[in-house]
Amino acid sequence: MKHKQIYYACLLLLSNCFWCCTGNSGCTRTKNKGESIELQTPVNSPISVSIYVENSGSMAGYCNLSDKSAIETLILDYYDRLNSCSDIDQISLNFINTTIENSKSDINNFTKSIKSKCTAKYTKLDEMLEMMMDSINNNRINLLISDYVFSSNNGNLAIASSAIASQFSQQLKDKDIAVAIFKYMVNFKGKYYPGGIMCNKPLPLYIWAFGNKENVRKITKLPFNSENCGTYFMQKASDVRFELMAKSKRMIKDGKIHVSEWKKDRHKDFYEFSFTTKLNDVLLPENDILETSKYIVQSNNSTTYNIAKIEKDKYEEDKYKYTIRTNGSKPAPGELTISYPIITPEWVNASNFEGNGIPNDSTTYGVSYLINGVSKAFEDNSKKNNNYFTININFE
């Protein structure tokens, strides 16, 4: 009798273990090219965020505690949103130029000290960017706040841009780095550098976030009160899984669409199929994902496809349904590629200034050369896949 009790106890334990991995206790079911596989849901580790304020003399002009459109309000907004994020357990405050000065102050005293700390004569952006990339890991995000005035003592801006591209390329070879850039217009009253020219008007200020794409994505999703006037997200292409869908189950086998089983609806003049996918590590905001015109749709044969519509799932976060249609002719065997390219937004070049004196409204000296250098590094490391994500669908 005792042996039977032990035997039944073991069976009960095994059945509970099986239920745990098929129920809702941490195992998720995903699809890869039509095949079902079991994946254990990863346990998220707490994230630390380091905020760095570049402390050159020109940054002092952005400071004014009594002005809601000054840098202190912007930093407090970021700090409060980060502090309220359940995934973030630690926030450090720092000043940076050629070296890093860690502040031991709380956030209120830190913001009060910014103006007195902004005294450095030079802005070593290349060195600062390298420090930002060197110190990130899977559990750390760096935020660099600066006016990002880009100049070089080693030739013209094009040469400096190429150097930035080379610098980032070396880091991208070994790390999963993503970069999110936010542009803000902040009131400026003080001396503008280079030149030490008195200036009293809003000037751009930029916040760059560095980390892996999953962590940087958390920053892009935070509900900041401050309204930006430009965003740009750069990442290595995401490995997107998908599930094919069609009216006839015989159309789909082994993750492929079998065209011999593909029948056109007699009430329509096109062929159609769908797929669902989760884009939970893609930095793009929802509105951009839903914009069909931003995709590139290509087939390696004469069949022409287009994205008829994209729908966000009502119940599952980051899940989307894509409906794909042909131009009416019978689809041929081959491969269809749907990609979302990483393209530098128009505001980057529109923000560039290369003249003398105070920059034109909403512009920054040399900033497009800096951002385009970083963008070139991502392109060079993409192995011809400079996309937020790419989906390849096979037809037999």
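**Helix packing and its surroundings**

Mentor: Start with helix α2 (residues 71-83) and helix α3 (residues 107-117): their axes come within 10 Å and cross at roughly 155°. Angles over 145 degrees count as roughly antiparallel, so α2 is roughly antiparallel to α3. The crossing of these two helices is right-handed. On the α2 side, the contact is made by Glu-72, Ile-75, Leu-76 and Tyr-79. On the α3 side, Ile-107, Asn-108, Thr-111 and Ile-114 make it. By class, the residues of this α2 and α3 contact are 5 nonpolar, 2 polar and 1 charged.

Keep in mind that this is a predicted model.

Now take helix α5 (residues 157-174) and helix α9 (residues 367-380). Their axes come within 7 Å and cross at roughly 40°. That angle makes α5 oblique to α9. α5 passes α9 in a right-handed crossing. From α5, the contact uses Leu-157, Ala-158, Ser-161, Ile-164, Ala-165, Phe-168, Ser-169 and Leu-172. They meet Tyr-369, Leu-370, Asn-372, Gly-373, Val-374, Lys-376, Ala-377, Phe-378 and Asp-380 in α9. The residues of the contact of α5 with α9 split into 11 nonpolar, 4 polar and 2 charged.

α5 also packs with helix α4 (residues 125-134). Here the axes are 11 Å apart and the angle is about 10°. α4 and α5 are therefore roughly parallel to each other. α4 brings Asp-126, Leu-129, Glu-130, Met-133 and Asp-134. α5 answers with Ile-164, Gln-167, Phe-168 and Gln-171. The residues of the contact of α4 with α5 divide into 4 nonpolar, 2 polar and 3 charged. Note Ile-164 and Phe-168: they are listed in the contact with α4, and they are listed in the contact with α9.

Next, helix α6 (residues 213-220). Of its 8 residues, 6 are buried, so α6 is largely enclosed by the rest of the structure. The buried ones are Lys-213, Asn-215, Val-216, Arg-217, Ile-219 and Thr-220. What do they pack against? The buried residues of α6 pack against β3 (47-54), α2, β6 (140-146), β7, β8 (197-211) and β9 (230-234). That brings us back to α2, which is among these partners.

Now the nonpolar core. In soluble globular proteins, nonpolar side chains tend to be buried together. The largest nonpolar core here has 107 residues. Those with the most contacts inside it are Trp-208, Phe-210, Phe-273, Phe-275, Tyr-322, Phe-389 and Ile-393. Strand β7 (residues 178-192) gives the most to this core, with 9 residues.

Take Phe-273 as one case. Leaving aside residues up to four places away in sequence, Phe-273 touches Leu-244, Met-245, Ile-257, Trp-262, Tyr-305, Tyr-322, Thr-323, Ile-324, Leu-336, Ile-393 and Phe-395.

For contrast, look at Lys-263. It lies in the loop between β12 (256-257) and β13 (272-278). Exposed means over 50% relative accessible area. Lys-263 is exposed, because its relative accessible area is 63%.

Finally, the whole protein. Its secondary structure comes to 9 helices and 20 strands. Buried residues make up 45% of the 396 residues. Among contacts with a separation of 6 or more, residues 24 or more positions apart account for 74%.

Key. Residues are numbered from 1 along each chain as its sequence is written. This is a predicted model: local features need pLDDT of at least 70, side-chain atom pairs count only at pLDDT 80 or more; totals for chains, interfaces and linings use all residues. Side-chain values use heavy atoms; hydrogens and water are left out. A nonpolar core is a set of buried Ala, Val, Leu, Ile, Met, Phe, Trp, Tyr and Cys residues joined through side-chain atoms within 4.5 Å. Buried means under 20% relative accessible area, exposed over 50%, partly exposed in between (1.4 Å probe, protein chains only). Helices (H or I, at least four residues) and strands (E, at least two) are DSSP runs, numbered from the N terminus. Contact means heavy atoms within 4.5 Å. Axes are lines fitted to C-alpha atoms, for helices over the stretch in contact, and angles run from 0 to 180 degrees between N-to-C directions. Angles under 35 degrees count as roughly parallel, over 145 as roughly antiparallel, 65 to 115 as roughly perpendicular and the rest as oblique. A crossing is left-handed if the near helix is turned anticlockwise from the far one by less than a right angle, and right-handed if clockwise. Ala, Val, Leu, Ile, Met, Phe, Trp, Tyr, Cys and Pro count as nonpolar, Asp, Glu, Lys and Arg as charged, and the others, Gly among them, as polar.
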